[in-house]
Amino acid sequence: MLSKVISFLEILQKNNNREWFHANKNQYDEAKTIFETFVNAFIHELAKSDETIRYVEAKDCIFRIFRDVRFGKDKSPYKTNMGAWITQAGRKSSGPGYYIHIQPGESFLSGGVYMPETNQLKKIRQEIFYNSAEFKAIMANKGFRKYFNGISDMDKQKLPPRDFPKDFPDIDLLKHKHYTLYHPLTSELLSSTDLPVYIMKVFEKMLPFNEFLRRAMQGG
C-alpha cells in the first residue's frame, strides 16, 4: 500500500543531504504522489463520518519534507517521515483532527487537539469540568479502549490549572496542554491491503472524542 513511500524514506535516512535529494527528486515526487493519493482517498471516506473535513484536500494537510534547521543541533535538511494533519482547515489548524504519520519503524496514527491557543485550551478544560462524566464515558468505551490508552501525557502539567478548584475529582484530566491520542502502526500493517480499512476503524473510534473537543472549542 505505502511500500514505495517507506522504501524512499529508508533510503533518505541514509542519504539525508541536498546533493542526494536533488539527484533523486523523482523518487521523492513519486513517494509524495502516492502518499497524497492515499490521503485524498482516506479523506473522502472519513468525511462520510465527519463532514467537517468534506472540503479539505491532501495538499492542505500534508507537511513539507523540508526541516527548519535554524534552531536545532540536527542540521539534516529533510524529515524522514511523511505526515498529514487532517482538519477542516488543514495542517495549520490545532484541531480537532486526525494525523497519519509514516516513518520506517515509527509509523502511527494520532488525533485530537494539538497545541491549542490559550483561550481554546481553557474552553476544553471548562467543557471537561462541566461534563467530565460524558468525557470519561467516551474514553471508557470498549471500542475506544481497543485502540487508545487514553490522552497523551506530552507536556502535561504537574499542578492543577488556574481557575479550576483543586479538589475537583477529575482534576487530572484538566492538566493536559494537548488533548491528543496515539495508536502505533506495525510494519506488517503498512504493507497490508487492509491498511485503509484499519485506519478508518481507528479514526471512527476517535470521532466522539473529537466531537466533544469541537463542541468545547466552539463554545462561547
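Trainee: Before we start, what does buried mean here?
Mentor: Buried means under 20% relative accessible area. Keep in mind that this is a predicted model.

Trainee: Okay. Is Gln103 buried or exposed, then?
Mentor: Gln103 has 12% relative accessibility, so this residue counts as buried.

Trainee: Where is Gln103 found?
Mentor: In the loop between β2 and β3.

Trainee: And what is Gln103 in contact with, leaving aside its neighbours within four places in sequence?
Mentor: Ile6, Leu9, Thr80 and Asn81.

Trainee: Let's do the sheet. Which order do the strands take?
Mentor: The order is β1-β2-β3-β4. Four strands form an open sheet, and the pairing is antiparallel.

Trainee: Which strands stand at the edges?
Mentor: β1 and β4. Each has a single partner strand, so one side of each is left without a neighbour in the sheet.

Trainee: What about the twist?
Mentor: From one strand to the next, the twist averages 15 degrees.

Trainee: Zoom in on β1. How many of its residues are buried?
Mentor: Five of five, across residues 82-86. The strand is mostly covered.

Trainee: Which way do the β1 residues point?
Mentor: Met82, Ala84 and Ile86 point one way, and Gly83 and Trp85 point the other way. All are buried.

Trainee: What's the general rule for that?
Mentor: In a regular strand, side chains alternate between the two faces of the sheet.

Trainee: How many bridges pair β1 with β2?
Mentor: Five bridges, in the antiparallel sense. Strand β2 covers residues 97-102.

Trainee: What is the bridge partner of Trp85 in β2?
Mentor: Tyr99. One more from that pair of strands: Ile86 stands opposite Tyr98 in β2.

Trainee: Now the loop between β1 and β2. Which proline lies there?
Mentor: Pro96 lies in that loop. A cis peptide bond joins Gly95 and Pro96, with omega at about 5 degrees.

Trainee: What do most peptide bonds look like?
Mentor: Most are trans, and most residues other than glycine have a negative phi.

Trainee: On phi, what is the value for Met115?
Mentor: Near 55 degrees, which is positive in a residue other than glycine. Met115 lies in the loop between β3 (108-113) and α5 (118-130).

Trainee: Is Met115 buried or exposed?
Mentor: Met115 is exposed, with a relative accessible area of 55%. The cut-off for exposed is over 50%.

Trainee: And phi of Asp163?
Mentor: Near 75 degrees, again a positive value in a residue other than glycine. Asp163 is in the loop between α7 (142-147) and β4 (179-184). Asp163 is also exposed, at 62% relative accessible area.

Trainee: Switching to helices. How are two packed helices described?
Mentor: By the angle between their axes and the distance between the axes.

Trainee: At what angle do α1 and α3 pack?
Mentor: About 140 degrees, with their axes 9 Å apart. Helix α1 is residues 3-14. The two helices are therefore oblique to each other.

Trainee: Is that crossing left-handed or right-handed?
Mentor: The crossing of α1 and α3 is left-handed.

Trainee: Which residues make the contact?
Mentor: From α1, Lys4, Val5, Phe8 and Ile11. From α3, Gln27, Tyr28, Glu30, Ala31, Ile34 and Phe35. By class, the contact of α1 with α3 has seven nonpolar, one polar and two charged residues.

Trainee: While we're on α3, where is Glu45 found?
Mentor: In α3 itself, which is residues 25-46. Glu45 counts as partly exposed, at 34% relative accessibility.

Trainee: How far apart are Glu45 and Asn26 in space?
Mentor: 29 Å, C-alpha to C-alpha. In sequence they are 19 residues apart.

Trainee: Last pair. At what angle do the axes of α6 and α9 cross?
Mentor: Roughly 155 degrees, and the axes come within 9 Å. That makes α6 roughly antiparallel to α9. Helix α6 is residues 132-140 and helix α9 is residues 195-217.

Trainee: Left-handed or right-handed?
Mentor: α6 passes α9 in a left-handed crossing.

Trainee: Which residues meet there?
Mentor: Glu134, Phe135, Ile138 and Met139 in α6 meet Pro208, Phe209, Phe212 and Arg215 in α9. The contact of α6 with α9 has six nonpolar, no polar and two charged residues.

Methods: Residues numbered from 1 in each chain as written. Predicted model: local features only at pLDDT ≥ 70, side-chain atom pairs only at ≥ 80, totals over all residues. Heavy atoms only, no water. Buried < 20%, exposed > 50% of the residue type's maximum accessible area, 1.4 Å probe, protein only. Pairing = 2+ DSSP bridges. Axes fitted to C-alpha atoms, helices over the stretch in contact; angles between N-to-C directions. Parallel < 35°, antiparallel > 145°, perpendicular 65-115°, else oblique. Left-handed = near helix turned anticlockwise from the far one by under 90°. Contact = heavy atoms within 4.5 Å. Nonpolar A, V, L, I, M, F, W, Y, C, P; charged D, E, K, R; others polar.
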